[in-house]
There are 4 protein chains.
Amino acid sequence: MIIKMKLNAKKEEIEHVIEILERRGLKVKDASGDEYSVFGVIGDTTKIDIRDIEALNGVEKVTRIQEPFKQVNRAFKSGDTVVDVRGVKIGGGNFTIMAGPCSVESRHQISEISRAVSKSGAHILRGGAYKPRTSPYSFQGMGGEGLEILKEAREETGMPIVTELMAVSLVDRFEKDVDIIQIGARNMQNYDLLKAVGRTKKPVLLKRGMSSTIEEWLMAAEYIMAGGNPNVILCERGIRTFENYTRNTLDLSAVLAVKRLSHLPVIVDPSHGTGKRWMIRDMAMAAAAVGADGLMIEVHNDPENALSDGAQSLTPEEFHETVAGVKRILTVVGKKF
Amino acid sequence: MIIKMKLNAKKEEIEHVIEILERRGLKVKDASGDEYSVFGVIGDTTKIDIRDIEALNGVEKVTRIQEPFKQVNRAFKSGDTVVDVRGVKIGGGNFTIMAGPCSVESRHQISEISRAVSKSGAHILRGGAYKPRTSPYSFQGMGGEGLEILKEAREETGMPIVTELMAVSLVDRFEKDVDIIQIGARNMQNYDLLKAVGRTKKPVLLKRGMSSTIEEWLMAAEYIMAGGNPNVILCERGIRTFENYTRNTLDLSAVLAVKRLSHLPVIVDPSHGTGKRWMIRDMAMAAAAVGADGLMIEVHNDPENALSDGAQSLTPEEFHETVAGVKRILTVVGKKF
Amino acid sequence: MIIKMKLNAKKEEIEHVIEILERRGLKVKDASGDEYSVFGVIGDTTKIDIRDIEALNGVEKVTRIQEPFKQVNRAFKSGDTVVDVRGVKIGGGNFTIMAGPCSVESRHQISEISRAVSKSGAHILRGGAYKPRTSPYSFQGMGGEGLEILKEAREETGMPIVTELMAVSLVDRFEKDVDIIQIGARNMQNYDLLKAVGRTKKPVLLKRGMSSTIEEWLMAAEYIMAGGNPNVILCERGIRTFENYTRNTLDLSAVLAVKRLSHLPVIVDPSHGTGKRWMIRDMAMAAAAVGADGLMIEVHNDPENALSDGAQSLTPEEFHETVAGVKRILTVVGKKF
Amino acid sequence: MIIKMKLNAKKEEIEHVIEILERRGLKVKDASGDEYSVFGVIGDTTKIDIRDIEALNGVEKVTRIQEPFKQVNRAFKSGDTVVDVRGVKIGGGNFTIMAGPCSVESRHQISEISRAVSKSGAHILRGGAYKPRTSPYSFQGMGGEGLEILKEAREETGMPIVTELMAVSLVDRFEKDVDIIQIGARNMQNYDLLKAVGRTKKPVLLKRGMSSTIEEWLMAAEYIMAGGNPNVILCERGIRTFENYTRNTLDLSAVLAVKRLSHLPVIVDPSHGTGKRWMIRDMAMAAAAVGADGLMIEVHNDPENALSDGAQSLTPEEFHETVAGVKRILTVVGKKF
């Protein structure tokens, strides 16, 4: 942490800042120039909020040079984290595809889609039982009945299931019933929920918030790990920018950033990332090329009549072609599929 | 709702789209040009997700021309909503100031600050008992003990209290103990929480999400109203942009937009909006000039030693000056203080 | 400037970095912690591009702590710059209003509008003779004939004129004919043009680029001042964000930032900032409340038939009311009108 | 174009809108609902600025359903545009790599780099003779001398050269000396410059502006084509977002969007897109996977001592590996290299 004092900072202000930091067990080293007083702070600064130091009189600017995250930090652990989901390995050279409809709509729908995506090579079945919808008047998901349908599909196909959790009150049920608990983009900083899944040992798929920096995203993962749950999978799903031709702007460089900063696996969701069905295959191939550990793709047997997100869902046939394209890329980048 | 078909849309596709809409009780009117088939959809389209229609074969683009929100819509209700908080009126020509520290830190701190801000003219006491913090290692608030301290301050000064709710499990306690339940920016689309406060009749202060459009913000308010709670107060607190000189970019034009689109009151939080103590007074005056219904301002008796957000907290003296400046603006714009 | 080396930076790499900096006449001070090597760089670092230092082997991150701008820097000059435009003073406690149509369309139009805005209190006449339009098929302005019309209006009303320059080849003509040369948002980093106006002594109105940080904006002003022209007036006109209810997001906190960082005057353009006629008056009042040195407002005698930007133009009557509202705010903030 | 009138629009206002449109040779079709009057406008609406129609009394919102660009539109021309640069084909199934240093620094440097990149497979040599720099105090390029050095390298290696043009006064010289004229991101809406290169027949590489929508980017290309120059190559180089871990956010979905909307070739610049040397290879491979027509990559023989952009320049060895990786991807996607 580097602290730059104001041009006209008083001697007492400078001493006060130093005293406060030393009281917290940190060492302060002078790096002042001709005009400004500047200090380097040595020690574990992860527990200090730089905004609190900026509140001190005479301080102009505080810059963090140590990452604020610990357990998710690559420096904290040698080697990649590999999350084991009922035998399906995520991370560490494996490439994993999660596929299925946006929403669980019926037993028939899930049975049909799960068999199709499984045959095409998907490893994990996705499907929303509880749906976050912008409008209170839109279909909110089948709820508990949806969970039961997903479990039956798991029985039928052997695929583990991933589905979104929105309410702390359902954590126990999800822990018992599902294989990966998804935290959606809108809840990425719902700390109550992060703490709740942190208390389980269940794999958690943490989507990046719509306007979250990479650092904030890793800090959200830190909440889960700090609670005692090391099984975190990150998911890039596009960020909100001024461009609205696409639903979001898929930030593939974030995959590279996460891989450098953290040991956690990171997958990509080109369905939400683009919002456009015809872009999904090519963006999925690009995600594989850049080094992602897997994909999450929306597939619907009847996108036209999907109760949600039909515009960004592939048909089973399109999904089949997408997997084929991705596999060809994986032979180039050398990931196990 | 306007539907534009693709250039080469087939006759069956066009008929299929029309059929689907008519099945949902809507009327379809042709507005086709020479090249493209275009339809206007007549009836209540608020329950239709435009993305679902875009999923239909042959459809190129769907544009909503009716706002998707109903109960928050100004067209839904004549006159401004005035929320009554223990006799303090918010909206409808009144100007209301909520002030207090970011976090409740001690009985002594709250007692001192609440008396100071009350004397300077604040109507409502703010203070966080449960704090959303980016880092799991930062101070997370005093919790229930903090709520008790706020209640004592209410007893002492007569000021109603507003504090942030982060967990559905605490809704009952908040309903009983506090006067306004605050939903923070990070939870603006935490639908589980929105539904929970929608089931109470307690006034709700709904902060705008960091990257929420005005429409999404009003849709979040719609969730609360749709649950049966009409007492919603909106709060603009800055949006995330590329500019990072300020913590956020305070969007004062959003106040005007909300006032035109909705009957709900809207206040402004220049503390989070700028993140800089020295900007607060002037931005507060600008918010008053633009027509906001009030302000939420962080005040701390010892910003240097605040456990959170000291950098954006005013001292009681600075707050006093800020209120004075705001009052002078209110005489110009004609709001009751 | 603070340089943080990588965790595993080699001794030679560290020495190499130090050597390079010392060769450029800078002093290097060690501020290393237990894990990372960190250096403070002392001396005039404004000529160093931090990205170049980041290119050195072993370097992880470079943080600038000194502003990269000099002549525009408040530290460079005591007191506010006051730009004198044919006797109209801009900056330093004065409040100046520039008003007129987006485009010059005819002699009659300009004559009518200029007389109206002058009567209502505007100090300077604006009007585009050369227009930057997104489409090559839209009206591109009247060109030289437009300039002549503006000069006649100046003759008639005595108001100085401001108009946008887009081509270096016209600098001489603008220098001779107009009173303030406007550099538009799209050309804020057109360095060829900035250098050209920097070689004149004519007052320059420099609009903030659509996605320019405050620092980049001040660096653009630095180009003009570095060329020898001290007469720069800054103009905040809204930035591009994800919110598209308004044409841009007017960033009023930028006025405060500029006033702290620089001695140059800064005015606000609520017409482009919002793109909505009905928002202009209130945002103009907010701009006055926050401490801007003036306003630039689009006024049209017949907005319906304006050849450009009618949607954000006030009628002369609306402009009159706007000036009245702004004047009342100015009595509160104590600016001369 | 769809026009929605206000809820309370008067009959005269509606008639007036219709009259204005009909006067411009357009047909108006009624698509009104129960509450709102809505019209579809039929005919060539590309010359109409929707903001001008929104200025009309009684109008609430205007939505364009026809793209505003014509000559760049895929609907305008069957098949892909293939730009021929001294025998090197860009677009239409070819994959083209442009490589070289950010700035031309010396004869020796260019000679060394050009031979290296040519041997590794680059088709075109890039290098900046005139440099747009944020600071007026940074190195501004070698100018004319730099152009001569590039020409010598062309002589030596046979590679065509691409370099950035910033000043209209240099158009003739560039037309004579270089093979592709680059328009940089900062000048994407410098219409004076666009018109000038539109009057030549020289291939133009048009970089996307930092905050330009895809539509604005295509409209800038339309300026060049409208001037009579069909040889436009687009270049995605990252957009400005809130995320600042990377220099920009590389928007690979824009490649897909451009390919659908336009017949023009589009290449990707991962150097500026990420600003980080270690990200370039993987993002280049992703760009190839997504279907780009080529790449522009910064290569420097001595990145440490580069006068600009060393942090994002590859060494010749790293470039060699990057080309190898890209080639493997191209065998998958089936592009000619």
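Keep in mind that the model is predicted.

**One chain at a glance**

Let's start with chain A. Its secondary structure comes to 11 helices and 14 strands. The C-alpha trace of chain A spans about 75 × 45 × 40 Å along its principal axes. Of its 337 residues, 61% count as buried. If you take the contacts in chain A between residues at least 6 apart in sequence, 66% of them join residues at least 24 apart.

**Where C and D meet**

Now for the contact between chains D and C. Chain D puts in 41 residues, and chain C puts in 41 residues. On the chain D side, three helices each supply at least two residues: H2 (50-54), H6 (191-198) and H7 (214-226). H7(D) gives the largest share of that side, with 5 residues. Here is how the side of chain D that touches chain C splits by class:

| Class, side of chain D touching chain C | Count |
|---|---|
| Nonpolar | 17 residues |
| Polar | 12 residues |

How are the two chains related?

**The nonpolar core**

The largest nonpolar core has 368 residues. Which residues have the most contacts inside it? They are Leu206(A), Leu206(B), Leu206(C) and Leu206(D). Take Leu206(D) and set aside its neighbours within four places in sequence: its contacts include Ile183(D), Met188(D), Ala220(D), Ala221(D) and Ile224(D). Leu206(D) also contacts Val232(D), Ile233(D), Leu234(D) and Cys235(D).

**A look at helix H10(D)**

Helix H10 of chain D covers residues 277-290, which makes 14 residues. At 1.5 Å a residue it should span 20 Å, and its end C-alpha atoms are 21 Å apart, which agrees. Is this helix mostly covered or mostly open? Mostly covered: 13 of the 14 residues of H10(D) are buried. Just after H10(D) comes Gly291(D), which takes a positive phi of about 110°.

Note on methods: Residues are numbered from 1 along each chain as its sequence is written. Chains are lettered from A and ligands numbered from 1 in the order in which they are written. This is a predicted model: local features need pLDDT of at least 70, side-chain atom pairs count only at pLDDT 80 or more; totals for chains, interfaces and linings use all residues. Helices (H or I, at least four residues) and strands (E, at least two) are DSSP runs, numbered from the N terminus. The expected span of a helix is 1.5 Å times one less than its number of residues. A residue is buried if 20 or more other C-beta atoms lie within 10 Å of its own, exposed if 12 or fewer, and partly exposed in between; C-beta atoms are placed from the backbone. Two residues are in contact if their C-beta atoms, placed from the backbone, lie within 7 Å. Ala, Val, Leu, Ile, Met, Phe, Trp, Tyr, Cys and Pro count as nonpolar, Asp, Glu, Lys and Arg as charged, and the others, Gly among them, as polar. A nonpolar core is a set of buried Ala, Val, Leu, Ile, Met, Phe, Trp, Tyr and Cys residues joined through C-beta atoms within 7 Å.
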